[in-house]
Number of protein chains: 2
Amino acid sequence: MTLDIKHALFTQFARIGKVLGNAHRLALIEYLAQGERSVEALAKVSGLSVANTSQHLQQLRQAGLVETRREGQRIHYRLSGEDVVVLLDAIRNVATRHLAEIDQLVDTYLNTKDNMEPVPAAELVQRLKRGEVTVLDVRPEEEYTAGHLPGAVNIPLAELEERLAALPPEREVIAYCRGPYCVLSFDAVAELRRRGYRARRLEEGYPEWRSAGLPVEETRH
Amino acid sequence: MTLDIKHALFTQFARIGKVLGNAHRLALIEYLAQGERSVEALAKVSGLSVANTSQHLQQLRQAGLVETRREGQRIHYRLSGEDVVVLLDAIRNVATRHLAEIDQLVDTYLNTKDNMEPVPAAELVQRLKRGEVTVLDVRPEEEYTAGHLPGAVNIPLAELEERLAALPPEREVIAYCRGPYCVLSFDAVAELRRRGYRARRLEEGYPEWRSAGLPVEETRH
DNA sequence: ATATTATTCAATTGAATTATTGAATACAAT
DNA sequence: ATTGTATTCAATAATTCAATTGAATAATAT
């Protein structure tokens, strides 16, 4: 009796879970967390066909995770709210806390690529004091504005290529994003190295930095 | 190149999502949030066969969401960490914020059952001042200890039947749990009414109460 | 009007998931 | 040893999901 309603409720919740149960859709959400994107752009970065991308996006929309806006002949998708990012982070947290495979993955990744070991927060604090490094925040602008590491430069990943000039080429760059397994900073480091920069990832993300009680800056306006 | 690793990472994250994409498993997690339970007990409350329950639980275990402990001939399952509850809440939040169906569901539920309208926080504050009502916290003891409404009695749902004596029968009972759609308080109210109590749900859950700046108590020891 | 571009729809295929059933373990009690 | 109880495993059928293909919209440009 009351079980019916309860089951119906959980069935609705499960719609959210179901739609999160696919690597491509999670990747799409991650890209969308950087800002609004067209279907074509999303297809390109995710490596999926346009039709397939469109169908995944529609599932996300039916689950209420994304919304659309038409502009001329293209349709722009965006996350439907901040809480979607929170949800993705919650999954990331549980996954990294409980799935040993993830540590392995990151390990093999680090060992494959030439020394891409992340910089621990403590080390960064020291080097910041000596003014040795450029700190790069690759998260979307809104998140940067809400709070960031002291002195960090904000260049969202998508704009990195064109705004490279903002980074002095001789200084090592330490990139960070949302957490230890947020892929944005991986990509940023890869890109910077291609361009000849010395670049490494910060081991922790902004949330960890902040909750460790380390100094942060907030932009007011 | 870097896409392989990224995809592998998201595939791991998707394992979590996939396992959350089923109403029965979400219900199992909800029950487990109340504390350790045997397979048989979980099968009973969820209305599934034992074999089916067992298989769902094993999926949850493979995804790292639950852990087991053997005691004699029965195996007790428990959530593998607090972060699993956080994750479930994140899903609930997104779902209720974006899926209109859920409000409808709850509406029809409320209209079906004789006036089960929830009590808004503001109303409870007034009635608490006049000492009219018993406030009942049906969450697990640990969550109650971490913080609860002022003067609330804690009886986890599973113990409600046996500890009914703790509730004065003539006073109306206002039950609450984690959020507006946490099913624990629905069940509690249903049970109390069966026993002849006047009982209603608090519209908000503890997190909403707290973040509204209303007074809370924390148990220290 | 016609062609072009971006996106969506519909149908198909093969793979994965769910619930059910009955058999198999693993421990406990007699 | 034998029996009973709790849980898991294995096989099956029904359902659902993912990717592909080609056609259909919908706005824009010629």
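Predicted model: local features only at pLDDT ≥ 70, side-chain atom pairs only at ≥ 80, totals over all residues.
1. **How the two chains relate.** Two copies of a chain are related by a rotation about an axis and a shift along it. Here, a rotation of 180° with 0.0 Å of shift along its axis brings chain B onto chain A, with an RMSD of 0.1 Å. That is the relation of a two-fold axis. Both copies use the same surface, as 98% of the contact residues of chain B recur in chain A.

2. **Who surrounds the DNA.** DNA strand D has 24 residues around it, and the closest are A:His56, B:Glu40, B:Ser54, B:Gln58 and B:Tyr77. By kind, the residues of this surface divide into 13 polar, 6 nonpolar and 5 charged.

3. Sugar or phosphate accounts for 73% of the atoms of DNA strand D within 4 Å of the protein, and bases make up the rest. An N or O atom in the side chain of A:His56 is 2.7 Å from a phosphate oxygen; for B:Tyr77 the distance is 3.0 Å, and for A:Asn52 it is 3.4 Å. The elements giving two or more residues to the surface near the strand are α2 (23-32) and α4 (50-62) in chain A, along with α3 (39-46), α4 (50-62) and β3 (74-79) in chain B.

4. **The antiparallel sheet.** In chain B, 3 strands make an open sheet in the order β1-β3-β2, with antiparallel pairing. Its edge strands are β1 (37-38) and β2 (66-71), each of which pairs on one side only. Between β2(B) and β3(B) there are 6 bridges, and B:Thr68 has B:Tyr77 in β3(B) as its bridge partner. Helix α2 (residues 23-32) of chain B packs on this sheet and touches β1, β2 and β3, at about 90° to the direction of β3(B).

5. **The parallel sheet.** Chain B also has an open sheet of 4 strands, ordered β5-β4-β6-β7 and paired in parallel. Because β5 (153-154) and β7 (199-201) each have a single partner strand, one side of each is left without a neighbour in the sheet. Strand β4 (residues 133-137) is joined to β5(B) by 2 bridges, and B:Asp137 stands opposite B:Asn154.

6. Helix α7 (residues 121-129) of chain B touches β4, β6 (172-176) and β7, and its direction makes about 125° with that of β4(B). Helix α9 (residues 183-194) of chain B also touches β4, β6 and β7, its direction making about 170° with that of β7(B).

Definitions and conventions. Residues numbered from 1 in each chain as written. Chains lettered and ligands numbered in written order. Heavy atoms only, no water. Near = heavy atom within 4 Å. Polar contact = N/O pair within 3.5 Å; in protein donor to acceptor, adjacent residues only side chain to side chain. Nonpolar A, V, L, I, M, F, W, Y, C, P; charged D, E, K, R; others polar. Pairing = 2+ DSSP bridges. Contact = heavy atoms within 4.5 Å. Axes fitted to C-alpha atoms, helices over the stretch in contact; angles between N-to-C directions. Least-squares fit on C-alpha atoms with pLDDT ≥ 70 in both.
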